[in-house]
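Work through the two exercises below with the model at hand. Each task is followed by a stepwise solution.

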Amino acid sequence: MKSKVIGAITLAVAAAGLFAAAAPAFAQQKTITVWWVKGFYKSEDEALAETIKKFEAKTGIKVELSQYAIQDMIPKTVAALDAGTVPDVAYSDSYDVQVQGKWAYEGKLEDLTDVMEPIKGRFVQNTLDASILYNDVAKKKSYYGFPLKQQSMHVQIWNDMLEKAGFKQSDIPNDWTGYWTFWCDKVQPAIRKATGQRIYAVGQPMGVESTDSFQSFYTFMDAYHVKLVDDDGKLLVDDPTVRENLIKAMKDYTDTYIKGCTPPSSTTWKDPDNNVAFHNKTIVMTHNFTISIAAKWFEDSQNQNLTPEQREAGKKAYEQDIITASFPKAPDGSTIRYRSDVKTGLVFTAAKNKAEAKQFISFLLQEENVRPYIEGALGRWFPVTKESQESPFWQADKHRKAVYAQFKGGTAAFDFTKNWKFTILNNENVWAKAMNRVVSEKVPVDKAVDELIARIKQVAG
């Protein structure tokens with residue numbers, strides 16, 4: 001009996017020792033939390049999931065992924081910051097435009113220089129520049145984010161509707177005044193006569209809750225060479241020339257509405273609404289900050305859940321009926337230099353697993369991982385790496401070639417990358433508010449612009 005007890009104790013001790021030996025290895029297994037915006041297309045999310053699977057297999061680090069709709073990402077992240085329970089890695093399409101510069105300024109973002117410096121040669125310079133922000137706590141500029149993808153302004157046109165109105169693409173003028181006159185004074189009456197329907201020539205986003213409205217208005221400002229800040233973020237709005245050209249840009253933008261050339265509902269449009277109006281063929285053309293409009297029809301052509309007829313309609317729309325084009329020449333005859341909005345991901349200083357988070361980012365940004373994710377968006381996003389920009393994907397059809405040509409022509413950064421307080425102005429959408437002062441409240445354009453300038457100075461001065 002005594003020997004059995006001793007034997008049992010010996011076995012128990014041995015088992016405990018074995019467990020103790022295994023415990024450190026078990027304890028070393030890490031789990032990181034990743035918050036990510038839900039993709040526009042299924043193929044985006046599938047590419048991200050595949051990269052996570054490969055990362056877990058290679059590193060032994062488990063990834064807990066949570067995906068949210070874009071409108072939920074900032075409220076959830078703000079709540080997490082307030083509670084001190086931030087994710088280890090976070091990405092949203094809205095961070096850069098609305099909050100990232102502020103968080104960097106306040107010292108809430110981790111410096112990612114050790115991730116970006118070794119690989120910066122793989123990235124296009126403008127995408128690196130957009131990731132370098134000022135931290136007022138550390139009193140320095142650094143990589144307070146990692147570049148993932150970028151977007152710019154494109155024009156989408158229904159070619160079959162243009163033809164029904166009696167015109168072809170070569171009839172579209174390339175001078176600024178002639179271009180907008182063509183749509184409003186020629187195409188709109190002609191398409192209405194041909195169809196007997198109240199179709200509008202232009203879809204001009206003007207909603208206060210629409211990022212399309214301020215991104216589109218920036219293109220009009222760029223047509224008039226309006227420069228609101230210098231490279232150091234200092235305001236230039238007291239320059240009389242800036243005011244003069246801002247008035248011209250605002251007048252041109254709102255004239256489309258005043259002439260009855262865009263749907264009355266465009267003053268309340270949210271981001272999907274100009275897409276919907278285009279898809280429903282209640283407008284002939286619209287400008288959009290991605291080619292998501294055309295890409296929707298490509299996705300339809302590939303969607304096995306749709307009928308053969310629906311897939312064929314998607315194929316015809318994408319390959320034949322929809323044109324992806326650029327804006328016309330600026331009023332002075334120069335070529336407009338488009339703004340590029342570089343989308344960036346973050347690591348917070350309050351994150352619990354920063355070393356592992358950086359491992360994940362480094363893995364994600366490897367060419368074989370980031371390219372399927374970007375191309376999974378079907379052309380909606382343009383790459384940030386030099387190699388991915390030269391992928392055959394961007395030469396595969398007329399829409400992607402148009403995107404490629406626009407980016408290769410050179411782009412400029414948005415003002416919020418130079419002065420973070422412009423994220424506040426974007427959140428308020430002071431641009432769309434000024435538009436609505438003109439078209440809904442009948443305020444003179446110069447007065448609306450003076451109010452706009454006063455608000456810019458109040459917030460970003």
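**Exercise 1. Characterise the disulfide formed by C184 and C261.**

Step 1. The sulfur atoms of C184 and C261 lie 2.3 Å apart. A disulfide is a pair of cysteine sulfur atoms within 2.5 Å, so the pair qualifies. The structure holds 1 disulfide.

Step 2. The angle about the S-S bond is -105 degrees, and the link of C184 and C261 is left-handed.

Step 3. The pair joins distant parts of the chain, 77 residues apart. C184 sits in helix α9 (residues 176–195), and C261 in the loop between α11 and α12 (273–279). Helices are DSSP runs of H or I, at least four residues, numbered from the N terminus.

Step 4. C184 has 11% relative accessibility and therefore counts as buried. C261 is buried too, at 1%. Buried means under 20% relative accessible area (1.4 Å probe, protein chains only).

A note on the model: it is predicted, with local features needing pLDDT of at least 70 and side-chain atom pairs pLDDT 80 or more, while totals for chains, interfaces and linings use all residues. Residues are numbered from 1 along each chain as its sequence is written, and side-chain values use heavy atoms, without hydrogens and water.

**Exercise 2. Describe how α11 packs with α20.**

Step 1. Helix α11 (residues 240–258) and helix α20 (residues 430–439) pack at about 55 degrees, axes 10 Å apart. Axes are lines fitted to C-alpha atoms over the stretch in contact; angles run from 0 to 180 degrees between N-to-C directions.

Note on methods. Helices (H or I, at least four residues) and strands (E, at least two) are DSSP runs, numbered from the N terminus. Buried means under 20% relative accessible area, exposed over 50%, partly exposed in between (1.4 Å probe, protein chains only).
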